[in-house]
Amino acid sequence: MEYTILILLLPFLSFLILGIGGKWMTHRTAGLIGTTVLGVVAALSYATAFLYFSAPRLADGTFATLMPYNMTWLPFTSSLSIDLGILLDPISVMMLIVISTVSLMVHIYSFGYMKGEVGFQRYYAFLSLFSMSMLGLVVATNIFQMYLFWELVGVSSYLLIGFYYTKPAAIAASKKAFIVTRFADLGFLIGILIYGYYAGTYTFHPDELSLLTGGATMLPLALGLMFIGGAGKSAMFPLHIWLPDAMEGPTPVSALIHAATMVVAGVYLVARMFPLFIGYAPNVLHLVAYIAAFTSFYAAAVACVQSDIKRVLAFSTISQIGFMMVALGVCTSTNPHEGGLGYMAGMFHLFTHAMFKALLFLCAGSIIHAVHSNEMSAMGGLRKYMPITHITFLFACFAISGIPPFSGFFSKDEILAACFQFNSVMGWTMTIIAAMTAFYMFRLYFGIFWGTENKELHAEHTPHESPLTMTFPLMFLAAVTCVAGFIPFGHFVSSNGESYTIDLDWTVAGTSIAIAGVTIAIAAYIYMGSKQPIANALAHRFRGLWTAAYHRFYIDEIYQFITHRIIFGCISRPIAWWDRHVVDGFFNFLAWSANATSDEIRGLQSGQVQQYAFVFLLGTLALILMLLL
């Protein structure tokens, strides 16, 4: 499979062509180049998946781990070096399908959504860079190569979030995303350095480690620090603050960030390092589960009251990423039958979530394109204007709510089953959060497509269905959402690499379906009608709680207080005063002293020979007198 290097080279070449020569191209030409290249990449990815998964398994029942391309980039010692290459195993091949599919749909969709935008060519260049970075991250052969592409993903997201660079909000959002994730990545980098020092390698495989003395003690610290980087990318609490503001970028970019690899990079990192977590840091892995469960609950609570449809979806993503992290964190072994079910469940949910979350964001873009607003108050009754967007959005809502036979049901049920295997508290906690998911998603659905129509606004600008370039990706992703749950995912991806047959636990599944059905019915009762007296009464009755949730429980304000009042006011300002008045003052004093002294003694260097002779004679006489005395 040496051709797989083209999966990285082609989008990078597209980025160079569009980035350098895009200004001389028409919008159509630039879009066709970017989309065609992603189409070829998608075809290569699907061919790779077919050839890889159709090949015979090894004697131990696992798929082979292949490195069709590998080179030494930085040799340090005879045993420690940094390599660059292509790694193909079940999760990297699965991720190639996810990234190439979502990226291709976003490229096609952007033809219609971004039509006429200033910087259209630049936009497609950044998309190509983003796609290349994500693809390089998942096929990395070692943790250091992953870190390189990890940072490229950060740069790409900064460029795309800040695409509308004339808008102050977009500039602030891009900087916020970049700075928050850089702080998290500092922990990631320190973890990599500790890991490389004590493990003697940057590999992902435990059997290739040659631990130094104390290495077994230091590896949990290294893995925990690496998770901090993953928590930043995957918007885990309290590093989640950048993701809702990232909605300032174009909506197709939101689909790419939320559905492909940018936000699930942390999940992929934990999954890639899973054998090391199980072997050396199981307690750190369980800590991941607790952090993720809290994050998931927090994000679901905030999503229940947001009015901006993209922010609802943003907090939904944070909550769903929490589900994936919890699934990995509750694992206690690499045996899917004895504590390792969560690995397969988390990867399965990553796969299904990518499809229906991309669909939700692209539907949101279609809605915004029709009403020119993100606010639900500008919507209502849109089902009669936008039938394709309506039905595809409904399918995605069923999927994320865990309603069969849509894909999200199968993956979310496996996560809940894994949580109940871990302990009942975690199982019921995640079941409640799943119910909250169904509530806020159908609150959003009824608010957009049913509810009260804004006739005054719609009279000025009648909503309409989007063009085929935008509706085709919706229909394609909706079709995938309907059938993806029936893929025997466990046959391809499992915690120990062996084939695993998914067997639904109908006690867990039946309970979650019933609870989801009840919460959907409650959402319909409250929000489906033309008036919403119950919602208004609840908001008034619990106004403090509603206001706190609407303002994200003031986490951003807490960050502002800590950074501006404490760090800047109490730490940075005194340091700046000391720097200006003491450090600068001391060196200014030295400069002033030298200058003043030179003014006083410069007469000694007058250039007058008579004066020099006079001083010479005085000195000579002084020496004679000293000798005589």
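Close-up 1. E151 counts as buried, at 18% relative accessibility, where buried means under 20% relative accessible area, exposed over 50% and partly exposed in between, using a 1.4 Å probe and protein chains only. This is a predicted model, in which local features need pLDDT of at least 70 and side-chain atom pairs count only at pLDDT 80 or more, while totals for chains, interfaces and linings use all residues. Residues are numbered from 1 along each chain as its sequence is written, and side-chain values use heavy atoms, with hydrogens and water left out. R182 forms a salt bridge with E151, their closest N and O atoms being 3.0 Å apart; a salt bridge is a side-chain nitrogen of Lys or Arg within 4 Å of a carboxyl oxygen of Asp or Glu. The pair links distant parts of the chain, 31 residues apart, with R182 in helix 6 (residues 168-199) and E151 in helix 5 (residues 143-161). Helices here are DSSP runs of H or I with at least four residues, numbered from the N terminus.

**Close-up 2. The salt bridge between E248 and K167.** The closest N and O atoms of E248 and K167 are 3.6 Å apart in this salt bridge. Because E248 lies in the loop between helix 8 (242-245) and helix 9 (251-259), and K167 in the loop between helix 5 and helix 6, the pair ties together parts that are 81 residues apart in sequence. K167 counts as partly exposed, at 37% relative accessibility.

**Close-up 3. The salt bridge between D556 and K176.** The side chains of D556 and K176 meet at 2.5 Å, N to O. D556 lies in helix 23 (residues 555-601) and K176 in helix 6, so this pair ties together parts that are 380 residues apart in sequence. Salt bridges that share partners join K167, K176, D245, E248, R311, R552 and D556 into one network, and a search of the whole structure finds 11 salt bridges.

Close-up 4. The structure holds zero disulfides, a disulfide being a pair of cysteine sulfur atoms within 2.5 Å. The sulfur of C304 is 13 Å from the closest cysteine sulfur, in C397, which is too far for a bond. C482 is in no disulfide either, and the nearest cysteine sulfur, that of C363, is 12 Å away. C304 is buried, with a relative accessible area of 15%, whereas C482 counts as partly exposed at 23%.

Notes
Helix = DSSP H or I, 4+ residues; strand = E, 2+ residues; numbered from the N terminus.
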